[in-house]
Structure formats: C-alpha cells, structure tokens
Amino acid sequence: MRFAVVSYHLPHPDGTATGRHVYAVWDAVRAMGHHVEAWCWGDAPAGLEPPEWVTVRPVRDQRSKLATLRRPRWGLAMDDWRPPAEAVGWAEEPESYAAIASAERRGTTTYHSELLDALALRRFRPAVVQSMRAERRAVRGADVAITFSARVARAVGIPHRCPVTQPIPTEVLPVVAEPVAVLLANWGWPPNRQALQRLLAQWPQVRRRVPDA
C-alpha cells in the first residue's frame with residue numbers, strides 16, 4: 001500500500017517529541033513493506049538530515065493569513081503539493097489536512113484536541129480558536145479520524161483510537177519509605193508545564209503525609 005503523509009514536524013529519530021513519534025510510526029509501516037512518502041511543511045530542526053522518504057519544504061506563504069480568516073488554517077491548501085492519486089493521504093495534524101482536502105479527495109487525520117489543551121491552560125487566544133476550527137473541519141471532512149487518547153476520543157466523539165502510551169499496571173505498587181515522583185514530558189508544551197505546576201503545588205501535602213518523599 002502507498003501512503004502520502006503530511007506533517008508539520010520533521011519525522012526523525014532525533015527530532016521533536018512529535019517528530020520522533022511520526023518517524024517511529026511510519027518507519028515501522030515502511031518495515032512492513034509499504035511505500036511511504038512524507039512532506040514536512042514546517043522548519044526542520046538545525047543539523048538533522050531528513051530521511052530519504054521525507055521531503056522538507058517549509059511553507060511561508062503570506063496568503064495563508066487571509067485564507068485563515070475565511071477557512072481556518074487552510075493556507076496549506078495553496079501550496080503545490082498533492083498526494084498521489086493512488087496513495088492514502090494521511091495528515092499528522094488537522095492543520096495538515098488542508099493539503100489532502102485540496103486534492104478534492106478525503107483522507108485520514110490524527111486528532112489531538114486543541115480544546116482540551118485550551119481548557120487546561122484557561123487560554124483561548126485567536127490562534128488557538130482557529131486551530132480548534134481547523135480540527136472540526138478536518139474531522140468532518142476526513143474518511144477516518146484517529147486519536148491516541150481515550151479522553152480525547154470521548155470528548156470529540158471519535159470512534160478510532162490508537163494508544164501510544166504504556167498501560168498503567170493493574171497491581172497497586174507497594175508503599176516505600178522514600179517514594180520519588182518522576183514526571184517525564186516535553187517541557188516545551190504548555191499543558192505539560194501546567195501539569196508540573198499542579199504537581200509541585202500538591203507536593204507539600206505529600207511531604208506532610210510522607211516526610212521522606
């Protein structure tokens with residue numbers, strides 16, 4: 001099978017958190033014998049050589065600002081990239097879906113939910129609102145919308161879910177005298193920083209109950 005992937009983040013094993021995930025998924029698909037070609041329309045991190053199946057062409061078209069007012073995050077549809085007719089078009093972000101829809105065909109998109117992020121941060125900037133509108137448009141237009149989170153799937157009503165996190169053990173961990181909390185995350189993502197602040201705010205209560213934590 002042939003896949004045409006559109007991603008803002010460069011698929012690369014040493015790239016951003018999202019870029020590493022995109023690379024892992026599609027490199028595995030290639031290992032299964034499928035043909036994958038990807039187009040990265042964002043700025044690639046300095047010093048990273050794109051994989052041979054990835055084309056990097058950043059989009060800096062000023063017309064996209066005007067297009068965004070009329071059709072949210074639709075500036076990408078103005079670029080000259082189109083998925084091959086025989087390929088399955090796959091947008092790694094709802095904003096990338098415009099490149100697939102502009103070819104007068106439907107496709108698949110991965111949904112991440114700007115709404116839940118905005119609610120967590122209590123922040124509804126104009127750019128965030130436009131991204132939320134783009135997500136709704138992509139989900140309505142795509143043949144299949146996939147999310148990685150059961151929480152996002154419930155909030156949006158998407159039936160297709162592909163978990164990418166490790167399952168939580170069903171056995172309760174034993175209590176230890178000096179427990180340590182570890183929070184691994186991409187600290188460039190505002191919701192993760194918000195989660196860290198919540199953990200630190202609650203930590204004095206943990207220390208009162210478990211002084212050696």
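Which helix does leucine 119 lie in? Leucine 119 belongs to helix H4, which covers residues 114-121. Helices here are DSSP runs of H or I with at least four residues, strands are E runs of at least two, and both are numbered from the N terminus. Before going further, a word on what you're looking at. This is a predicted model, with residues numbered from 1 along each chain as its sequence is written, and local features need pLDDT of at least 70. Side-chain atom pairs count only at pLDDT 80 or more, while totals for chains, interfaces and linings use all residues, and side-chain values use heavy atoms, with hydrogens and water left out.

Back to leucine 119, then. Its relative accessibility is 48%, so leucine 119 counts as partly exposed; the cut-offs are under 20% relative accessible area for buried, over 50% for exposed, and partly exposed in between, using a 1.4 Å probe and protein chains only. Together with Phe124 and Val129, Leu119 makes a nonpolar surface patch of about 260 Å². Patches take residues with over 30% relative accessible area and no salt bridge, joining nonpolar side chains (Val, Leu, Ile, Met, Phe, Trp, Tyr) within 5 Å and like charges within 9 Å. The areas themselves come from the Shrake-Rupley method with a 1.4 Å probe, and for residues only the protein chains shown count as cover.

Now zoom out to the whole chain. The protein chain has 7 helices and 7 strands, and along the sequence they follow the pattern β-α-β-β-α-β-α-β-α-α-β-α-β-α. Of its 213 residues, 35% count as buried. The chain exposes about 13,200 Å², and carbon and sulfur atoms supply 56% of that.

S1 is mostly covered, with 5 of its 6 residues buried. S1 pairs with strand S2 (residues 35-40) in the parallel sense, over 6 bridges; two strands pair if DSSP finds at least two bridges between them. Going from S1 to S2, the chain passes through helix H1 (residues 17-31), and this β-α-β crossover is right-handed. That label means that, with the strands pointing away from the viewer, the path from the first strand over the helix to the second runs clockwise.

S2, for its part, runs parallel to strand S3 (residues 54-56), with 3 bridges joining them, and tryptophan 39 stands opposite threonine 55 in S3.

On to the charges. Side chains of opposite charge can pair when their charged atoms come close. A search of the whole structure finds 4 salt bridges, each being a side-chain nitrogen of Lys or Arg within 4 Å of a carboxyl oxygen of Asp or Glu. One of them joins arginine 2 and glutamate 37, whose closest N and O atoms are 2.6 Å apart. Arginine 2 lies in strand S1 and glutamate 37 in strand S2, so this pair ties together parts 35 residues apart in sequence. Both ends are partly exposed, arginine 2 at 27% relative accessibility and glutamate 37 at 22%.

Arginine 2 also meets glutamate 86 in a salt bridge, at 2.2 Å from N to O. Because glutamate 86 lies in the loop between helix H2 (63-70) and S4, while arginine 2 sits in S1, the pair ties together parts that are 84 residues apart in sequence. Glutamate 86 is exposed, with a relative accessible area of 53%.

For a local pairing, look at helix H1. Aspartate 27 forms a salt bridge with arginine 30, the closest N and O atoms being 3.4 Å apart. Both residues lie in H1, 3 residues apart, about one turn of the helix. Aspartate 27 is partly exposed at 26% relative accessibility, and arginine 30 is partly exposed at 27%. Elsewhere, salt bridges that share partners join Arg2, Glu37 and Glu86 into one network.
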